[in-house]
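Colleague: Please take a close look at one part of this model for me, the sheet. How is it put together, and what packs on it?

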Amino acid sequence: MPGIGLAAVDGRGILARHPLKRIGLLGGSFNPAHRGHRRLSLHALRALDLDEVWWMVSPGNPLKDKAGMAPFQARMASARAMARHAPIRPTAIEKRMKTRYTADTLTKLPRLYPNHRFIWLMGADNLAQFHRWERWRHIARQVPIAVIARPGYDRGAHASPAMGWLRRAVRPAGQAKHWTRWRLPALVLLRFRPDPTSATRLRAADPAWHRRFLGSSPQLEQESPAPSPPTLHKPSLD
């Protein structure tokens with residue numbers, strides 16, 4: 001469902017309008033990226049009527065121990081491999097913008113992409129600790145939030161301090177595709193058959209997983225995401 005776009009002058013000097021792109025943002029360490037990330041993203045694409053999901057590979061998560069964190073290059077390469085043949089765009093934009101906190105990233109993104117509308121995607125495990133995020137209320141006032149259920153985390157998420165504050169902002173799942181019209185803060189709870197894959201278990205089974213990606217080919221590292229409609233002052237995502 002395209003939105004009303006921003007005006008811009010095309011090559012013929014004619015004032016044209018570009019449709020707004022609907023983008024889901026999934027932040028994380030992707031240490032490594034796995035099929036659970038992919039399934040969550042594909043479900044969000046359908047449920048929220050998104051054009052793309054951007055995987056925002058974090059240079060470093062302030063809430064996670066640095067021990068066991070693979071090099072950024074390996075995590076980005078694993079994300080690109082997992083996102084192939086889907087409208088999912090792994091991006092190093094946080095590294096390029098030098099933003100440490102999600103609140104700062106979300107402040108800058110609309111300025112860089114005025115022809116886009118963003119919704120933040122998170123699993124129920126992140127909602128359970130959302131109150132620990134830097135300026136989390138500010139985040140909720142910047143973009144709508146879609147929370148995807150995860151096995152074993154739903155009870156903690158519903159009992160969390162953040163959910164207590166956001167409870168009145170919950171929107172019906174049946175209205176999820178209308179998220180661009182919602183008054184903020186706004187949160188929607190989405191359910192689908194989750195994938196039990198866990199990055200923690202993958203690392204335990206293969207502690208040296210990142211070595212496969214540190215030697216990835218230049219073609220993988222230079223692979224470009226699918227082109228987008230023209231936007232105003234759009235920098236490269238990768």
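Modeller: The sheet is open and has seven strands, with parallel pairing, in the order S5-S4-S3-S6-S7-S9-S8. Strands here are DSSP runs (E, at least two residues), and helices are DSSP runs too (H or I, at least four), numbered from the N terminus. Two strands count as paired if DSSP finds at least two bridges between them. Strand S5 (88-91) and S8 are the edge strands, each pairing on one side only.

This is a predicted model: local features need pLDDT of at least 70, side-chain atom pairs count only at pLDDT 80 or more, and totals for chains, interfaces and linings use all residues. Residues are numbered from 1 along each chain as its sequence is written, and side-chain values use heavy atoms, leaving out hydrogens and water.

Now the S3 and S6 pair. Strand S3 (residues 21-28) runs parallel to strand S6 (residues 116-123) over six bridges. Arginine 22 stands opposite arginine 117 in S6.

Next, the helices. Helix H4 (residues 102-112) lies across S3, S4 and S6, at about 160° to S6. Helix H1 (residues 35-47) lies across S3, strand S4 (52-57), S5, S6, strand S7 (145-148) and strand S9 (187-190). H1 runs at about 145° to S4. Axes are lines fitted to C-alpha atoms, for helices over the stretch in contact (heavy atoms within 4.5 Å). Angles run from 0 to 180 degrees between N-to-C directions.

Last, confidence. pLDDT is the predictor's confidence in each residue, from 0 to 100. In the protein chain, confidence is highest in strand S8 (residues 170-171), at a mean of 98, and lowest in helix H11 (residues 218-222), at 39. Over residues 217-236 the pLDDT is below 50. Where pLDDT is low, the predicted coordinates should not be read in detail.
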